[in-house]
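Dear colleague,

My notes on it follow.

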Amino acid sequence: MADLSATMTGPRGAKPRRVLSGRNIMVYGTLIVVSLYYILPLWVMVMTSLKGMPEIRLGNIFAPPVEVTFQPWVKAWSEACTGLNCDGLSRGFWNSVQILIPSVVLSIIVASVNGYALVNWRFKGSDVFFTILIFGSFIPYQVMLYPIVILLREMGIYGTLWGLVLVHTIFGMPILTLLFRNYFSSLPEELFKAARVDGAGFWGIYFQIMLPMSLPIFVVAIILQVTGIWNDFLFGVVYTKPDLYPMTVQLNNIVNSVQGVKEYNVNMAATLLTGLVPLIVYFVSGKLFVRGIAAGAVKG
Amino acid sequence: MAQAKHPGRLLRNLNAKIAAVPMVLTTLVVFLGGTIWTVVYSFTNSKLLPRTNFVGFDQYERLWDSSRWIVSIQNLLVFGVLSLVFTIVMGFVLAVLMDQKIRFEDTFRTIMLYPFALSFIVTGLVWQWILNPEFGIESIVRSWGWESFAFDPLNNPEVVLYGLLIAGLWQGTGFVMCIMLAGLRGIDEDIWKAARVDGIPTWKTYVLIIIPMMRPVFITTLVLVASGIIKLYDLVVAQTSGGPGNASQVPAMYVYDYMFQAQNLGQGFAASTMMLLSVLIVLIPWAYLEFGGKKHG
């Protein structure tokens, strides 16, 4: 009888979703374990960079520092040595900034005009060039490294910052052109036609209509280029001289140098400093970053 | 007046053509010209400077006789296959988990994707430190009492590729997860409803219906990841410098060393031409499927 009364007064309505169902435990459990794998290196970098060397030698790399010190950061920034120079990563940082700003500006100007011309001002052969451009982005850089050395040497800018800026503009062109082309082709064509009827020309339409309408895509392009150019290593090492090495190259030289005692805390501080710019861009930009990388995956 | 109204074909859209000059120069001079130049000069015996002294396939014979090159190619194959399989499986499984209408989706995505914003140099150096035998994972597990625990991939030629793989997966799987998630979200909700009505279990729906429907997404991912693997360079430079010995050499390192260190340009050109060939092996079937197939179907 007790059984019956229990069924009579039992819960009615939709079955409530249990928080601790087997499915939820599996889904969240897996995601949390995987997240640990992703977080671990950042945690280790930060913790190591805040410890003194004696503590590193004694303790474990995952443990938070007993005594927090910012000395490794100061040393990485202004005293770490590469070869004979001992002025720290700050030199690489400023080199990278000097490379970054003109490269981002130039590559985005060129690519946005390309995309605009490809959508609204098609000329004979324009699609052929675009196809070569996209397939060109799959060619390993190693194939084009040396011909570009010759080109830059002929132009007299081999080994200078401007040479590297030109290289970044060239290799940023495929993905950025694709990005802008796809965006401009999503804008209503009537807009362009109306402006044509009103007598606006190529540049007039670009500056007065296209540019103001496409600020979001410019932000996406900036995010893409800032992280991409900041993280470049190969072009920096091939096309600049040691004095002008960007931050990534200098970082690698500092950490992987064979001379002297290894100072792991300084190395990790230097690594974090180098990763800081793209990390800040990433955390500030959020979903726009996702949109930027997705643009590379979506075919045009 | 008549001339202004009907300008020659070359002068039509003149501004657009002027604006396209950088693109035309890039495609013709750098991409096409540079590639052809390198292929042509790979048949010469150029040393310090490019010379047009053609020697047939000599450079390629020397290349394939070099044990370092053979190791590089083997490494690329092993690393490539493992990293393709793992990134795609992990990326897909994570995307499926993220697609279960979970809470904190943005947080999880932020965590999984941040390594993708970091450079391979940073990635390589961090994992070099974590895998350090004296202070890293090995020493910690040993300090827990498991004295014989051995995990020192970066100093063991047999398993050094797995050390690189752990770091490579850390950097790249978040990106693949994002593409896969976008693919999953693009699938019509009605498909799910129909499968539920027919009483098909969820896992079976994924395997039999969703994955075949996502074929284009998988192929795009495959091509993107594969062409990235062939370019693999920075990660190895930072994490292992190709060592121990030559155990983790990759083709891109061979090219760089012969072109800019050993002053043996011909070898560098031949090696980079082989890299181009391997990209074409990936790219041509894809282009055929993607663009050739459409015309027929």
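How many C-beta neighbours does B:Gln263 have inside 10 Å, and does B:Gln263 count as buried, exposed or partly exposed? B:Gln263 has 13 such neighbours and therefore counts as partly exposed; a residue is buried if 20 or more other C-beta atoms lie within 10 Å of its own, exposed if 12 or fewer, and partly exposed in between, with C-beta atoms placed from the backbone.

This is a predicted model, in which local features need pLDDT of at least 70 and side-chain atom pairs count only at pLDDT 80 or more, while totals for chains, interfaces and linings use all residues. Residues are numbered from 1 along each chain as its sequence is written, and chains are lettered from A and ligands numbered from 1 in the order in which they are written.

Backbone features of chain B

B:Gln263 is found in the loop between α14 and α15 (265-296) of chain B; helices (H or I, at least four residues) and strands (E, at least two) are DSSP runs, numbered from the N terminus. Although B:Gln263 is not a glycine, its phi is positive, near 50 degrees. B:Lys101 likewise has a positive phi, of about 50 degrees, without being a glycine. B:Lys101 belongs to the loop between α5 (67-98) and α6 of chain B, and it is exposed because 7 other C-beta atoms lie within 10 Å. A cis peptide bond, with omega near -5 degrees, leads from B:Gly243 to B:Pro244. B:Pro244 sits in the loop between α13 (234-239) and α14 (251-261) of chain B. As background, most residues other than glycine have a negative phi, and most peptide bonds are trans.

Helix α6 of chain B

Helix α6 of chain B (residues 105-117) has 13 residues. From first C-alpha to last, α6(B) reaches 19 Å, close to the 18 Å expected; the expected span is 1.5 Å times one less than the number of residues. At B:Ile111, α6(B) bends by about 30 degrees, the bend being the angle between axes fitted to the seven residues ending there and the seven starting there. A proline, B:Pro115, follows within four residues of the bend. B:Ile111 and B:Pro115 are among the buried residues of α6(B), which also include B:Phe108, B:Met112 and B:Tyr114. B:Arg109 lies in this helix as well, but is partly exposed, because it has 19 C-beta neighbours inside 10 Å. The C-alpha atom of B:Arg109 is 8.8 Å from that of B:Met177, 68 residues apart along the chain.

Helix α11 of chain A and its partners

In α11(A) (residues 215-231), twelve of the 17 residues are buried, among them A:Val220, A:Leu224 and A:Trp230. The axes of α11(A) and α8(A) (residues 161-186) come within 11 Å and cross at roughly 155 degrees; axes are lines fitted to C-alpha atoms, for helices over the stretch in contact, and angles run from 0 to 180 degrees between N-to-C directions. The two helices are therefore roughly antiparallel, a term for angles over 145 degrees. Their crossing is right-handed, which means that the near helix is turned clockwise from the far one by less than a right angle. The residues that meet include A:Leu176 and A:Phe180 in α8(A) and A:Val220 and A:Gln225 in α11(A); contact requires C-beta atoms, placed from the backbone, within 7 Å.

Helix α5 of chain A (residues 90-120) also packs against α11(A), with axes that come within 10 Å and cross at roughly 140 degrees. This crossing of α5(A) and α11(A) is right-handed too. A:Gln225 of α11(A) takes part here as well, and the residues of α5(A) include A:Ser103 and A:Val104.

Between the chains

The axes of α14(A) (residues 264-285) and α7(B) (residues 120-130) come within 10 Å and cross at roughly 150 degrees, so these helices are roughly antiparallel. Residues making the contact include A:Tyr264 and A:Thr271 of α14(A), with B:Leu125 and B:Trp129 of α7(B). A:Tyr264 is also one of the residues touched by A:Ile56, as is B:Phe135. A:Ile56 lies in helix α3 (residues 53-58) of chain A and is buried, because 20 other C-beta atoms lie within 10 Å.

With kind regards

How values were computed. Parallel < 35°, antiparallel > 145°, perpendicular 65-115°, else oblique. Contact = placed C-beta atoms within 7 Å. Lists of a residue's contacts leave out its neighbours within four places in sequence.
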